[in-house]
Amino acid sequence: QRKAQEATTQHLLLLLEEIDTDHTGTITVEELAEALENPRIMHYFSALSIDIRDVSQLMKLLDVDGDGEIDITEFVDGLLVLKGEAKSFDIHMLIMQNRQVLSMISKTFAHMGWTHA
């Protein structure tokens, strides 16, 4: 499994180089959008089971530091996490975390004397 992940990482690094048309080491939303018009690149994302219908959403998911560009670490780590189908466990973890956040917000509002309509 480690060898497969290393191979995937190498492919992602090559893909980053191809998408990074201005050779800055980062990918902009414009470069990503242009790259996703290439059928070969679209096929690669599809093979990873990564939904690329919404470029801006994909950009937001990958751009961890929010600087408007995807660097090499964000690209490789992000796509390794996003590849494949969501597992039931992953979805239930998100639901649980959302419930925890909502509970904390409700308690904060109650503490401040705010109520919701």
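A crossing of two helices is called right-handed if the near helix is turned clockwise from the far one by less than a right angle, and left-handed if anticlockwise. The model examined here is predicted, so local features need pLDDT of at least 70 and side-chain atom pairs count only at pLDDT 80 or more, whereas totals for chains, interfaces and linings use all residues. Residues are numbered from 1 along each chain as its sequence is written, and side-chain values use heavy atoms, with hydrogens and water left out.

The crossing of α1 and α5 is right-handed. On the α1 side the contact (heavy atoms within 4.5 Å) is made by Q5, T8, T9, L12, L13, L15, L16 and I19, and on the α5 side by I72, F75, V76, L79 and L80. By class, this contact of α1 with α5 has 10 nonpolar, 3 polar and no charged residues; here Ala, Val, Leu, Ile, Met, Phe, Trp, Tyr, Cys and Pro count as nonpolar, Asp, Glu, Lys and Arg as charged, and the others, Gly among them, as polar.

Helix α1 also packs against helix α3 (residues 39-47). The two axes come within 12 Å and cross at roughly 150°, which makes α1 roughly antiparallel to α3. This crossing is left-handed. From α1, residues T8, H11, L12, L15, E18 and I19 meet R40, I41, Y44 and F45 of α3, a contact with 6 nonpolar, 2 polar and 2 charged residues.

A further pairing joins α4 and α5, whose axes come within 9 Å and cross at roughly 110°. That makes α4 roughly perpendicular to α5. Here L58, L61 and L62 of α4 meet E74, G78, L79 and L82 of α5, and the classes are 5 nonpolar, 1 polar and 1 charged.

Terms used:
Helix = DSSP H or I, 4+ residues; strand = E, 2+ residues; numbered from the N terminus. Axes fitted to C-alpha atoms, helices over the stretch in contact; angles between N-to-C directions. Parallel < 35°, antiparallel > 145°, perpendicular 65-115°, else oblique.
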